Amino acid sequence: MLFRSFHVPEVVAFDPVGGTLDTARIHGLASMADLVQRGDPRVAELCARAGAALARVHAALDLPPELTRPLPDWGGPVAREDRVFVHGDFNGSNVCYDRAGDRLVILDWSTAPGLGGVGTCGARYLDLVWFASFFFFQPRLSASWRPREWLRSTVRGYRSVPGARFRAADYAPFRFAFDSVLRAEYARQDALQPSGPRR
């Protein structure tokens, strides 16, 4: 499925009992994590494209009531206009680049285990903070590690979409309130790594 500025692979098999979903394979796909590790000079540009794609998802996707599962309001009540459909695991592994098609490919549209795995809507800042956490919580994967630049590019891309709603005054408190959730999720991931903690 092509949604303007990004691609979501076609679903080829779905098992609702086992909870598994298979999608079409895209050859030559590189995750943002791969690109960062290689020191690819396009990371900032791709972050801006990811931010714009995310803004379009938040603005355009609306779920029917039977599929709406609210996530907790970390950081306090979320204004109605800031409660949106969320990807829920928008990170450096699920945001990818298809060089052959010069397109972003977004995978794994299910909420991360650290968020309960079942939510579908929440604060618009959730996906932005989750994506930024990849840059700030990971070890430096390359000599050209620039997490602040990549975060600024992501936010700039998000804000570039007409009608996108982003307020730094709302983002910052959400980010700080969400910090304990991020740390718990990365600690959970570290415990699953056979090589031990990432830091």
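Visitor: Before we look at any residue, what counts as a polar contact?

Guide: A polar contact is a pair of N or O atoms within 3.5 Å, where, within protein, one atom must be able to donate a hydrogen and the other to accept it. In this structure, which is a predicted model, the side chain of His87 reaches the backbone nitrogen of Phe90 at 3.1 Å, and a polar atom of the His87 side chain also lies 3.4 Å from the backbone oxygen of Asp108.

Visitor: Which residues does His87 touch, once residues up to four places away in sequence are not counted?

Guide: His87 touches Asn94, Ile106, Leu107, Asp108, Trp109, Ser110, Thr111 and Asp127.

Visitor: How should I read Asp89, and what does its side chain join?

Guide: Asp89 is found in the loop between strand 6, residues 83-85, and strand 7, residues 95-98, and with a relative accessible area of 10% Asp89 is buried. A polar contact of 2.9 Å joins its side chain to that of Trp130. Leaving aside neighbours within four places in sequence, the residues in contact with Asp89 are Asn94, Asp108, Ser110, Ala112, Asp127 and Trp130.

Visitor: Now to helices: what describes two packed helices?

Guide: Two packed helices are described by the angle between their axes and by the distance between those axes. Here the axes of helix 3, residues 125-137, and helix 4, residues 147-159, come within 9 Å and cross at roughly 160°, which means that helix 3 is roughly antiparallel to helix 4. The crossing in which helix 3 passes helix 4 is right-handed.

Visitor: Which residues make the contact, and how do they divide?

Guide: Helix 3 contributes Leu128, Phe131, Ala132, Phe135 and Phe136, and helix 4 contributes Pro147, Arg148, Trp150, Leu151, Thr154 and Tyr158. The residues of this contact divide into nine nonpolar, one polar and one charged.

Visitor: What can be said of the protein chain as a whole, in its elements, its burial and its contacts?

Guide: The protein chain has five helices and nine strands. Of its 199 residues, 46% count as buried, and among contacts between residues at least 6 apart in sequence, 70% join residues at least 24 apart.

Terms used:
Residues are numbered from 1 along each chain as its sequence is written. This is a predicted model: local features need pLDDT of at least 70, side-chain atom pairs count only at pLDDT 80 or more; totals for chains, interfaces and linings use all residues. Side-chain values use heavy atoms; hydrogens and water are left out. Helices (H or I, at least four residues) and strands (E, at least two) are DSSP runs, numbered from the N terminus. Buried means under 20% relative accessible area, exposed over 50%, partly exposed in between (1.4 Å probe, protein chains only). Contact means heavy atoms within 4.5 Å. Axes are lines fitted to C-alpha atoms, for helices over the stretch in contact, and angles run from 0 to 180 degrees between N-to-C directions. Angles under 35 degrees count as roughly parallel, over 145 as roughly antiparallel, 65 to 115 as roughly perpendicular and the rest as oblique. A crossing is left-handed if the near helix is turned anticlockwise from the far one by less than a right angle, and right-handed if clockwise. Ala, Val, Leu, Ile, Met, Phe, Trp, Tyr, Cys and Pro count as nonpolar, Asp, Glu, Lys and Arg as charged, and the others, Gly among them, as polar.
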